[in-house]
Amino acid sequence: MDDEKVNEFLGRFVTDLAATEAAGSIVVGHRLGLYRALAEGGPATPEEFAERTGCHPRYLTEWLRGQAAGGYAEYDPETGRFRLSEEQAFCLADPNGPNVPAAFLVAVGMLRAEPRITEAFRTGAGVGWHEHSEDVFVGCDAFFRPGYAAELVPHWIPALDGVEAKLAAGARVADVGCGLGSSSMLLAEAYPRARVVGSDYHADSIALARKRAAESGLADRVSFEVASAQTFTGTGYDLVTMFDCLHDMGDPLGAARRVREALDPDGTWLLVEPIASDKVEENFNPVGRLYYSASTFLCVPNSLSQPVGRALGAQAGDAAIREVATEAGFTRFRRAAETTFNAIYEIRP
């Protein structure tokens, strides 16, 4: 046994365990608005921060020290004050920034299902998306929305052949697997003449989507229905979109066939999926690890809970996605764009 390799592995373990335990503190900071209070109010000692937030100073002392130890805050030993740098504030306190705490909300929420997932390993049974904590739904929407807002209209739509002009002129859009409707509303807001129909099988998510659309004044441009990807209504759509959801479906081929049926002959399927290589070993990196972990708790169990249970998983890769599209009768398939986290596909009849 190589002692140096043992110590190297134990170092990795300490880093992972510290990050795992820190997730709870990050969610506490998110729920209580501590990051925003620190960003907006400026440097503070724990006692000063307690006056600012109304929280107990002893808890805040431990929380602030933990944030600084993890690089999520800065500490001035001369004044005893903690602060957020501009970059930390952007990532932790700005809901239109990367909204890092929302990702930890998802992680904490999905880990609540550990006993059921453990049992599912033994039985092969599925665990449906709707069976998870609300933190999973709300956290996913809050974490993914800033990325969609930064990329969808400025970059992804222009990367598609002729789609931007159609949207500006008044395209019909189906946003399938829309969750809480953020992607649907981003499209409706950017293209006032377009009409968007968002659909999702999860009734609670659709209820929240309808509420948000009404509050945003977009209810005349975007509507929502409770329907699966295989049963969403309508035909003649100029654009069908799916954001980070095809790999979660039990029957992605059935969904793709329904998209093919619902599209106008000159229509486009915009498919956004987690970025992955077709070579498994090339996904052995931090992003791949993130996706494999989420896939183990969320994506694969959801797929196995539904008919067919194809379980593509969150690291399916181009070849598996192309196979589904080809089987469904699509003839044109290309990766139109990509980000650190996503591959953006243009798929056409």
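This is a predicted model: local features need pLDDT of at least 70, side-chain atom pairs count only at pLDDT 80 or more; totals for chains, interfaces and linings use all residues.
Colleague: Which residue forms a salt bridge with Asp135?

Modeller: The whole structure holds 20 salt bridges. In this one, the closest N and O atoms are 2.6 Å apart. Asp135 is in helix H8 (residues 134–156) and its partner in helix H1, so the pair ties together parts 104 residues apart in sequence. The partner is Arg31.

Colleague: Is Asp135 buried or exposed?

Modeller: The cut-off for buried is under 20% relative accessible area. Arg31, at 49% relative accessibility, counts as partly exposed. Asp135 has 11%, so Asp135 counts as buried.

Colleague: Where does Glu131 lie, the salt-bridge partner of Arg116?

Modeller: The closest N and O atoms of Arg116 and Glu131 are 2.7 Å apart. The pair links distant parts of the chain, 15 residues apart, with Arg116 in helix H7 (residues 114–123). Arg116 is partly exposed at 42% relative accessible area, and Glu131 is partly exposed at 35%. Glu131 lies in the loop between H7 and H8.

Colleague: What is the N to O distance in the salt bridge of Glu338 and Arg335?

Modeller: Glu338 is partly exposed, with a relative accessible area of 49%. Arg335 counts as partly exposed too, at 29% relative accessibility. Their side chains meet in a salt bridge with an N to O distance of 2.8 Å.

Colleague: Which residues are linked with Asp161 in a network of salt bridges?

Modeller: A salt bridge joins a side-chain nitrogen of Lys or Arg to a carboxyl oxygen of Asp or Glu. The network with Asp161 includes Asp266 on the acidic side. The residues linked with Asp161 are Lys166, Asp266 and Arg348.

Colleague: Why do the buried residues of H14 lie on the same side?

Modeller: Helix H14 (residues 317–327) has as its buried residues Gly317, Ala320, Ile321, Val324 and Ala325. They lie on the same side of H14 because the arc they cover around the axis is only 135°. An α-helix has 3.6 residues a turn, so residues three or four places apart point the same way. The value to remember for H14 is that arc of only 135°.

Colleague: What covers the buried residues of H14?

Modeller: Both helix and strand elements are part of the cover. Strand E8 (332–338) and strand E9 (342–348) are included.

Colleague: Which residue with a positive phi follows H14?

Modeller: H14 spans residues 317–327. The phi in question is near 105°. The residue is Gly329.

Colleague: What is the phi of Asn99, and what is that of Ala311?

Modeller: Asn99 lies in the loop between helix H5 (86–92) and helix H6 (100–111), and counts as buried at 8% relative accessibility. Ala311 is in the loop between helix H13 (286–304) and H14, and is partly exposed at 24%. Neither residue is a glycine, yet phi is positive: about 50° for Asn99 and near 50° for Ala311.

Colleague: Which residues is Met249 in contact with, leaving aside neighbours within four places in sequence?

Modeller: Met249 lies in the loop between strand E6 (237–243) and H12. Met249 is buried, with a relative accessible area of 9%. The contacts are Ala229, Gln230, Met242, Ala255, Ser303, Gln306 and Ala311.

Colleague: How far apart in space are Met249 and Trp129?

Modeller: In sequence, Met249 and Trp129 are 120 residues apart. In space, C-alpha to C-alpha, the distance is 10.0 Å.

Conventions: Residues are numbered from 1 along each chain as its sequence is written. Side-chain values use heavy atoms; hydrogens and water are left out. Buried means under 20% relative accessible area, exposed over 50%, partly exposed in between (1.4 Å probe, protein chains only). Helices (H or I, at least four residues) and strands (E, at least two) are DSSP runs, numbered from the N terminus. The arc is that of the directions from the helix axis to the C-beta atoms. Contact means heavy atoms within 4.5 Å. A salt bridge is a side-chain nitrogen of Lys or Arg within 4 Å of a carboxyl oxygen of Asp or Glu.
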